[in-house]
Amino acid sequence: FSQSRYKPASYIPATAVGITYDPASGEFTFEYEGVYSLAITLNITASSANQYVYLYAQKNVGAGWVNTANSGKSYELKNGVTVQFTTPQSVYRAAGEKTRYYIYSNGTTSSLVTNTLPGVSPTVYVPAIRIQYAGG
């Protein structure tokens, strides 16, 4: 998949005071300054060898979008194997800061996939992308 900003088709917000998400733009806005726990989880499959997934953040504190230093992550994918790649971290967010994420691969044979857990009713999903914040 090509480089694109994360904008999920559906969004189920957790109870978060002071964090809003705009599904049209893919932007998180932080009302309060603080250090947040962040976990980004990707469920991804490669159908050829030598595939990598990359992600990074951009922030806007009022002067326009800039790449967030040291936010880059990369992960090597194994051919034919679906993996769940998680990047836990602590991040500082300024009051009023907007953050968005770019997620992409080095080729066209990788796919973000949503799976279901077998034998569970009602259905339980393993989402293609999950971004979780806590704290602040």
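I count strands as DSSP runs of E with at least two residues, and helices as runs of H or I with at least four, numbered from the N terminus. My model is predicted, so I keep to pLDDT of at least 70 for local features and 80 or more for side-chain atom pairs, while totals for chains, interfaces and linings use all residues. Residues are numbered from 1 along each chain as its sequence is written, and side-chain values use heavy atoms, without hydrogens and water.

**Thr41**
I looked up Thr41 and found it in strand β4. Is Thr41 buried or exposed? Thr41 is buried, because its relative accessible area is 11% and buried means under 20% (exposed is over 50%, partly exposed in between; 1.4 Å probe, protein chains only). Its side chain makes a polar contact of 3.2 Å with that of Thr86. For a polar contact I need N or O atoms within 3.5 Å, one able to donate a hydrogen and the other to accept it; residues adjacent in sequence count only if both atoms are side-chain atoms.

**The core**
Next I turned to the largest nonpolar core, which has 23 residues. Such a core joins buried Ala, Val, Leu, Ile, Met, Phe, Trp, Tyr and Cys through side-chain atoms within 4.5 Å. Phe28, Leu42, Tyr101, Ile131 and Tyr133 touch the most other members. Which strand gives the most to this core? I found that β4 does, with six residues.

Then I checked Leu42, leaving aside neighbours within four places in sequence: its contacts (heavy atoms within 4.5 Å) include Val53, Phe85 and Ile129.

**Val120**
Last, I found Val120 in the loop between β11 (115-116) and β12 (125-126); Val120 is partly exposed, at 35% relative accessibility.
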